[in-house]
Amino acid sequence: MTNAKMSLPGPENVHRAVLPNGITVLARSNFQSPSVNVGGYLPAGAVFESDEKLGLADFVATSLMRGTRTHSFDALYNELESVGASLGFYSGVHTTSFGGRSLVEDLPLLLKLLSESLRMPTFPKDEIEKLRAQWLTGLAIRAQDTSGMASMAFDRMLFDGHPYSRPTDGFVETVESITRRDMADFHRRHFGPKGLVIAIVGAIDPKKVVGAVERALGGWQVPGQADAPMLPPVKPIKKTVRHHHALAGKSQSNLVIGMFGPRRNDPEYFSASLGNSILGQFGMMGRIGEVVREKSGLAYYAYSSLNSGTGPGSWEVHAGVNPKNLKKAIALIEKELHRFIKHGVTKDELADSQSSFIGQLPLSLESNGGVAGAILNIERYQLGYDYYHRYERLVREVTRDDVLETARKYIAPDRLVISTAGP
Amino acid sequence: MTDKITQVALKNGMKVMLKEIHTAPIISSWIWYRVGSRDESTGGTGLSHWTEHMQFKGTKQFPAQVLDKAISREGGRWNASTSNDSTRYFETMPADKIDLALRLEADRMQNSLFTEKDVASERTVIISEREGYENEPMFRLSEAVQQAAFHVHPYHHEIIGDMADLRAITRDALYEHYRKYYIPNNAVLSIAGDFETKAMLKRIRELFESIPRGKTPPRLIRPEPEQMGEKRLYIEGPGETTYVQVAYRHPSATHADYFPFQVLDSLLGGASGLSSKTSRLYRALVDTEYAVDVSSGSETTIDPFLYRIFIINHPKRKIEKTLAVLDAEIKKVQDVLVPKSEISRAVKQARAVFAYGSENITNQAFWMGYSEMFSSYKWFTGYLNKLAKVTPHDVRRVARTYLQPKNRVIGIYLPQGVEGT
């Protein structure tokens with residue numbers, strides 16, 4: 001049988017190099033298939049945009065491939081699609097990310113187009129206007145999406161006054177106000193090699209691939225690339241806040257109930273993760289799934305999720321229910337949260353989730369994309385390249401008391417944010 | 001990717017397909033039953049999908065909560081889905097834990113409980129699932145288009161079933177459906193991953209071969225007559241966005257026209273699994289701002305189903321104008337032979353998509369069993385070669401034969417309060 005430890009990414013099989021211009025390259029071989037995956041990010045996210053220009057970072061990211069100094073939009077995609085390759089950019093709060101894949105024979109092309117899109121976008125006027133119309137239709141569709149609207153209002157209430165309260169795809173009026181000059185300025189200030197990380201996984205020689213990245217991106221110099229602003233603190237939630245977004249003509253209502261959660265680098269991250277698994281993930285969506293779906297038959301889905309990143313995280317319960325069952329579902333979820341912080345978790349529950357976390361590791365690393373994502377996470381949160389070798393210990397050392405203490409730190413059933421959308 | 005697999009029929013008629021892959025300590029096991037929404041009559045729509053849900057409610061040996069916890073505890077991933085033609089259950093597990101999945105599947109092939117209480121609770125879960133779909137304009141439109149495209153063939157209803165049937169179906173109807181179709185001689189087990197074939201086969205025989213064979217259930221066969229003219233329908237609902245679906249009758253998986261049609265679709269709408277910003281329809285409709293998005297695709301089915309083109313209309317355009325541009329583009333592939341280079345491009349795209357798929361063990365086990373549901377594994381392994389043999393004349397012939405207005409349904413979702421035509 002194949003050795004589980006051997007197949008995990010680690011310092012012995014992930015090659016890491018830093019180019020003179022500051023770009024970090026991570027590479028790992030996998031010869032199972034003649035394909036290759038490229039992923040990465042750079043610090044050019046929505047955190048840099050003003051309230052008046054919400055959506056700017058994502059608009060810029062999406063426009064990078066709409067025309068460059070040497071390729072029109074159509075010509076660029078024609079080169080990619082003709083060989084079955086793909087490449088895309090999108091922006092989150094902290095970073096603009098990119099991802100692509102191709103047959104390994106086409107990796108040079110993929111790197112060339114990646115470099116060109118990052119360094120030489122021209123933001124052609126007609127393409128930008130086409131994209132803007134598509135974007136506005138996207139916002140019109142979002143406005144009809146009960147799940148999307150409930151989540152957006154949830155972020156607005158939980159992260160009141162903080163950059164995390166804002167949707168990265170903006171609003172109609174902010175997207176309409178973004179000019180070509182705004183986009184070019186944003187690109188000039190925030191796109192550069194400093195802080196750029198690229199991971200390449202597939203049928204490649206890791207050392208050679210560093211040379212290929214250097215040829216594509218090594219000459220990029222951007223003096224004065226801006227540093228990310230400091231995040232302001234979040235305001236505590238002092239009592240439960242509720243909001244209902246009315247949407248007529250819908251068969252189902254969506255709800256998001258939640259609170260703050262830990263950062264990815266906080267010491268209680270693992271106890272929160274395991275607690276979240278027990279609360280709303282393990283088996284058929286954990287305890288929440290058990291009471292809302294299995295016992296009450298109220299919902300097709302009801303689960304909890306923990307979102308931990310660079311800044312303050314969120315811990316959220318989501319469900320989609322018939323509008324007449326909304327109150328009942330909220331009450332059941334509140335009751336589960338009470339129980340969770342009162343009694344904590346059982347020994348068996350914790351052992352089950354620990355075993356699940358450890359067992360599922362090789363599964364999450366099945367594809368080149370999965371491995372690329374994993375090593376990018378190691379780099380983003382500075383987890384250490386032996387992270388996956390330490391992972392089992394990190395999971396096993398969490399105790400029931402740790403889970404309870406963490407749950408009590410974050411979950412207060414009288415200080416929740418409750419956001420619903422539907423009829 | 002190697003195509004070498006072992007195929008064995010057990011004494012009770014169950015087919016077993018095994019493929020060793022030793023790149024990661026993972027095994028993916030899929031069990032397939034030849035039953036789907038096509039096997040349901042009016043009054044019983046949704047039975048196959050609901051039965052699939054009931055398969056998670058437990059047996060005596062694996063009660064519901066034991067069952068899902070047992071898989072998750074070992075770090076496994078598992079799920080199930082129902083299509084028009086088949087129902088499939090999979091577990092992808094750490095290699096040394098796969099025995100649990102095999103024991104579970106052997107057990108629930110015959111011992112699921114289907115208690116009244118569980119049926120009642122699952123009824124509201126499935127109704128909630130359907131209500132979630134109904135929130136989406138595209139679901140409403142697809143359902144209406146499918147109903148208009150098929151009057152006789154059971155492909156006319158959505159897999160989840162009609163709300164009236166979801167409210168009325170009884171426990172006994174579900175149980176009968178289960179007993180009729182969940183028998184070894186109606187099942188295929190496909191497993192890929194880190195195992196030794198001989199030992200795996202021995203274990204499969206121990207667990208499955210004693211399950212008694214049943215009467216092979218006949219498939220419901222009600223061929224859809226030829227469509228005699230274009231159909232058009234309108235759905236109204238909330239929002240500002242106009243959605244359009246144009247659905248043509250599409251050949252079955254084993255029909256000679258299937259592969260030329262795949263090439264035709266790659267040219268028109270783009271290769272499946274890739275971006276499609278240089279497809280003919282994208283250039284004709286999105287680059288010119290008649291649509292904000294266009295995509296297309298077909299399902300691989302036992303009987304002729306649908307080739308659908310999905311359009312989100314541009315807010316500044318009339319739908320009729322958009323449809324006229326679509327028709328002009330279709331006329332081009334009917335009138336002018338496509339260059340050979342465009343066919344080679346489609347083949348290269350498919351080769352890349354196959355390579356991405358073979359990174360993943362779960363996906364490889366999927367294709368073995370899936371291709372067996374409408375053809376055989378040879379269909380899958382011969383895919384790229386068959387695509388490469390398609391000629392420009394084939395593409396033109398298929399475009400002329402199938403993409404006829406009389407062979408299509410046009411469905412339009414009109415947002416309330418906005419004039420669409």
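**Reading the contact and a sheet**

Reply: The contact in this predicted model draws 58 residues from chain B and 56 residues from chain A.

Me: Which elements of chain B give two or more residues to the side that touches chain A?

Reply: Those elements are α2 (64–73), β5 (87–94), α4 (116–134), β9 (291–298), α12 (340–357) and α13 (361–374) of chain B, and the largest share of that side, nine residues, comes from α4(B). By class, the side of chain B that touches chain A consists of 18 nonpolar, 21 polar and 19 charged residues.

Me: In what order do the five strands of the open sheet in chain B run?

Reply: The order is β7-β11-β8-β10-β9 in chain B, with mixed pairing. Because β7 (231–237) and β9 of chain B stand at the edges, each with a single partner strand, one side of each is left without a neighbour in the sheet. Neighbouring strands of this sheet are turned by 15 degrees against each other on average, direction ignored.

Me: In what sense do β8 and β10 of chain B pair, and over how many bridges?

Reply: Strand β8 (residues 243–250) of chain B pairs with strand β10 (residues 305–313) of chain B in the antiparallel sense, over eight bridges; as one example, B:V244 has B:I311 in β10(B) as its bridge partner.

Key. Residues numbered from 1 in each chain as written. Chains lettered and ligands numbered in written order. Predicted model: local features only at pLDDT ≥ 70, side-chain atom pairs only at ≥ 80, totals over all residues. Contact = placed C-beta atoms within 7 Å. Helix = DSSP H or I, 4+ residues; strand = E, 2+ residues; numbered from the N terminus. Nonpolar A, V, L, I, M, F, W, Y, C, P; charged D, E, K, R; others polar. Pairing = 2+ DSSP bridges. Axes fitted to C-alpha atoms, helices over the stretch in contact; angles between N-to-C directions.
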